[in-house]
Amino acid sequence: MKPKFAMYWASSCGGCEIAVLNTHEKILDVDANFDVAFWPVAMDAKYKDVEAMEDKSILLTLFNGGIRNDENEEIANLLRQKSQILVAFGSCATEGCIPGMANFSPSHEIVETAFHTLSTENPNSIYPQTSYKMPEGTIYIPTINSRVKTLVDVVPVDYFMPGCPPESHQISAVLDLVIAVVKGEAELPPKGAVIGVGNSTVCDECDRERDVKKIREFTRAHLVGALDPNLCLLEQGIPCNGSATRSGCDARCPTAGAQCIGCYGPAPGVIDYGARLISSFASVVDSNDPDEIERILDGIPDPAGQFYRFSLAGSLLKGAREAV
Amino acid sequence: MTEKSNFEPTIIGFTCNWCSYRAADLAGIARIQYPANIRLVRLMCSGRLDPTFVLKAFAEGADGVMITGCHPGECHYLEQNYKALRRYLLLRRTLVAMGIEAERLHLAWASAAEGIQLAREITEMVERVRVLGPLNWHLNGDQVQITHDATAELEVVA
């Protein structure tokens, strides 16, 4: 009998599933080596089917998405119970990602924005109720948590695979490894490892020339007439997050002329992604005069958004004060 | 009596080995009083201050953080205190965006001879934070934990 494979999406966009399908013919290897037991995006399945499975009967579960509501948390616990290897797959599950930026606001404001802003037609101010009495009995919808959590905040996680989404060649490599492990040809990495990544920063993979960084002005790519195609973006005043971001993506964005926004999460040894970037950006500001430094820093109008676009829910502070 | 008037803030103070730590030492030798609310941590230089230290302090219950170093132009390592200044200014902007009052993070310069000045800075900092009240970050969120074990990392793809 083939070992079981599962993939689940919690609070996420579905891009991680696309990235898995983007492995092209590798997906046939998944089918050849695994019995796909549960994958809501790809096939029909019910939670009760998973509940009926024996504990640890799923060999590999790729869990993408953060923990936004009690349904996410329930399924995270269920899949932890049923899985031998649970992988926090993608940026949402490892560090919150874009949905994690909701941690800048309290949850009641998020509900308010969704159901009661000018762009929403809701003349009777109808808000969703989490339970409703039907003739057949009471039905429930999930309840929103006060903040987005990462997968490891709610259950023990075996491996972390960052990326928004993880690059397909990295997914292929990880699938190959697990298949080799099943065949007894390889060993799993130590528990808690970050997999499907490089062991350095995006800068290390970036082909742009680097010299001494001295920033007199932070700007944005569309405000600059023509960017130097060969020079480090940060040296051109573009706030590129590559210096704090883990390698593994082949530096796609800076190579294409767009700054790294940090989707591969913190580089090895970095505890708080934003803190590392604050350190890195501040170090290259070319002034020792407080007023002049403040003027240069005005070029980063939203520092919290710049530094925690992907990592807010997994950062030391977890969110803004109103939300934690 | 309200809770606020009973409140004793916890301040984490980062000091430079060459100046502000010695200023604190001097204050001790000279029997200059400063509030026990501050817990001093000695670094080799204010330039050693990783913003992570500050975030960790706030996340684990500090009500304020004070960074101290040598006066501009007097750094033992030439100009690392200017780096500390720039990191402080950028970190403060980020903390304000996260809803933490700017007054909870303070930068002060103190030479090794300035025990009185350092004691005064600490006293003023404690009183500023006392007025703001507790930050209570660790009570609101979950316990802080470091999720990625750097020692257990393994490269799957070169």
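Chain B, read along its sequence, follows the pattern α-β-α-β-α-β-α-β-α-α, and it holds 6 helices and 4 strands in all. The model described here is a predicted one. Of the 158 residues in chain B, 47% count as buried, and among its contacts between residues at least 6 apart in sequence, 82% join residues that are at least 24 apart.

**The sheet of chain B**

The 4 strands of chain B form an open sheet with parallel pairing, in the order β2-β1-β3-β4. Its edges are β2 (38–43) and β4 (105–109) of chain B, each of which pairs on one side only, and neighbouring strands of this sheet are turned against each other by 20° on average, direction ignored. Helix α2 of chain B, residues 20–29, packs on the sheet, where it touches β1, β2 and β3 of chain B, and its direction makes about 110° with that of β1(B). Helix α5 of chain B, residues 115–132, lies across β1, β2, β3 and β4 of chain B and runs at about 160° to β3(B). Within the sheet, strand β1 (residues 11–16) and strand β3 (residues 64–69) of chain B run parallel and are joined by 4 bridges; in this region I11(B) stands opposite G64(B) of β3(B).

**A buried loop residue**

S46(B) is placed in the loop between β2 and α3 of chain B. Because 29 C-beta neighbours lie inside 10 Å of S46(B), this residue counts as buried. Leaving aside residues up to four places away in sequence, S46(B) touches C16(B), I67(B), T68(B), G69(B), Q80(B), N81(B) and A84(B). S46(B) and T15(B) are 31 residues apart in sequence, while their C-alpha atoms are 6.8 Å apart in space.

**The side of chain B that touches chain A**

Between the two chains, 39 residues of chain B are in contact with 46 residues of chain A. The elements that give two or more residues to this side of chain B are α3 (51–59), α4 (80–97) and α6 (137–140) of chain B, and the largest share, 11 residues, comes from α4(B). The composition by class of the side of chain B that touches chain A is set out below.

| Class, side of chain B touching chain A | Count |
|---|---|
| nonpolar | 21 residues |
| polar | 7 residues |

**Chain A: domains and sheet**

Chain A is divided into domain 1 (4–99 + 146–182), domain 2 (108–144) and domain 3 (202–307). The centres of domain 2 and domain 3 of chain A, taken over C-alpha atoms, are separated by 41 Å.

Chain A has an open sheet of 5 strands with parallel pairing, in the order β2-β1-β3-β5-β9. The edge strands of this sheet are β2 (35–38) and β9 (159–161) of chain A, each pairing on one side only, and the twist from one strand to the next averages 25°. Strand β1 of chain A, residues 4–9, pairs with β2(A) in the parallel sense over 3 bridges, and the bridge partner of K4(A) in β2(A) is D35(A). Helix α4 of chain A, residues 70–82, packs on the sheet and touches β1, β3 (58–64) and β5 (83–89) of chain A, with a direction that makes about 135° with that of β5(A).

Technical notes
Residues numbered from 1 in each chain as written. Chains lettered and ligands numbered in written order. Predicted model: local features only at pLDDT ≥ 70, side-chain atom pairs only at ≥ 80, totals over all residues. Buried ≥ 20, exposed ≤ 12 C-beta atoms within 10 Å, placed from the backbone. Contact = placed C-beta atoms within 7 Å. Domains from an automatic or database assignment. Pairing = 2+ DSSP bridges. Axes fitted to C-alpha atoms, helices over the stretch in contact; angles between N-to-C directions. Nonpolar A, V, L, I, M, F, W, Y, C, P; charged D, E, K, R; others polar.
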